[in-house]
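Hi,

Here is the structure I promised to pass on.

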Amino acid sequence: PSELDLPESFYRDEWKHVVQAHGISTMEEYFGASRVGRGRSLSRMDRKRIWPVIEEYRAELIRRGAKELVDCMRDARSILRSKGDILPYKAIIIDEAQDMGMEAFRLLRQMIPVSRTERSNDLFIVGDAHQRIYGHKVVLGRCGIEIRGRSHKLRVNYRTTEETRKWAVAILSGRSFDDLDGGEDDQKG
């Protein structure tokens, strides 16, 4: 809509960071979606004007028989939920978790259903928010992965020298980083 004077990049980012990130499929869900950190607030009327653009993009994907990766993960999760305990996994190891989005974690959580385990030590997740390159900030608790009181900070670095580590930490001084579950990393240790 021309009256909003928004660049095309706004719509791409709105799709990715709001609609897809929250699994929004209706205008009513979009009205209630959090847009914290998006830089521009939108009134209900603005969202109503934007929604047809979202619907048109979704219709174009369907017309082309295409899906985005996050939609495929959502579909896979739905299949696993409906089929039950069909996968042979008892545990999953996840590395570079800082670059994974919410749907990826939800899918991984679904891969080991409750019937298989009491969800005790079935996921081992390693990630470092300081190395995030895709901007995915995920609260694991919102993905069915409870880590409160169970997470540990690795304190031995086998990848770089102490000199390189000190140099890198100095560059990041004063910036805040999340702890991969909605809190902040304190940089200690």
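Arginine 47 has its charged end over the ring of tyrosine 30, 5.5 Å from the ring centre. For that I asked for NZ of Lys or CZ of Arg within 6 Å of the ring centre and within 35 degrees of the ring normal.

Before you read on: this is a predicted model, so local features need pLDDT of at least 70 and side-chain atom pairs count only at pLDDT 80 or more, while totals for chains, interfaces and linings use all residues. Residues are numbered from 1 along each chain as its sequence is written, and side-chain values use heavy atoms, with hydrogens and water left out.

On to the aromatics. The structure holds three aromatic pairs; rings of Phe, Tyr and Trp (its six-membered ring) pair if their centres lie within 6.5 Å, with planes under 30 degrees apart called stacked, over 60 edge-to-face and the rest tilted. One of them joins phenylalanine 10 and tyrosine 11: the centres are 5.5 Å apart and the planes stand at 90°, so this pair is edge-to-face. Phenylalanine 10 is buried at 9% relative accessible area, and tyrosine 11 is buried at 13% (buried is under 20%, exposed over 50%, partly exposed in between, with a 1.4 Å probe and protein chains only).

Tryptophan 15 and tyrosine 57 make another pair, also edge-to-face because their planes are at 75°, with the centres 4.9 Å apart. This one links distant parts of the chain, as tryptophan 15 is in helix α1 and tyrosine 57 in helix α3 (residues 44-64), 42 residues apart. Helices (H or I, at least four residues) and strands (E, at least two) are DSSP runs, numbered from the N terminus. Tryptophan 15 is buried at 7% relative accessibility, whereas tyrosine 57 is partly exposed at 36%.

Glutamine 20 is also in helix α1, and at 4% relative accessibility it counts as buried. Leaving aside residues up to four places away in sequence, glutamine 20 touches Trp15, Glu68, Val70, Asp71 and Arg74 (contact means heavy atoms within 4.5 Å).

Some of those contacts belong to the next helix on my list. Helix α4 (residues 69-83) has 15 residues and reaches 21 Å from its first C-alpha to its last, close to the 21 Å expected at 1.5 Å a residue; the expected span is 1.5 Å times one less than the number of residues. Its buried residues are Val70, Asp71, Met73, Arg74, Arg77 and Leu80, and they pack against α1 (8-20) and α5 (102-110). After α4 comes glycine 84, with a positive phi near 85°.

Aspartate 5, with phi near 50°, is in the segment before α1 and is exposed at 66% relative accessibility. Glutamate 96, with phi near 60°, is in the loop between β1 (92-94) and α5 and is partly exposed at 30%.

Eleven residues line it, with Ala97, Gln98, Phe105, Val138 and Leu180 nearest its centre. A cavity here is a set of points on a 1 Å grid over the protein atoms alone where a 1.4 Å probe fits but cannot get out, and lining residues have an atom within 4 Å of a point.

Cheers

How values were computed. 1 Å grid on protein atoms, 1.4 Å probe; cavity = no way out; pocket = protein on both sides within 12 Å on 5 of 7 lines; lining within 4 Å.
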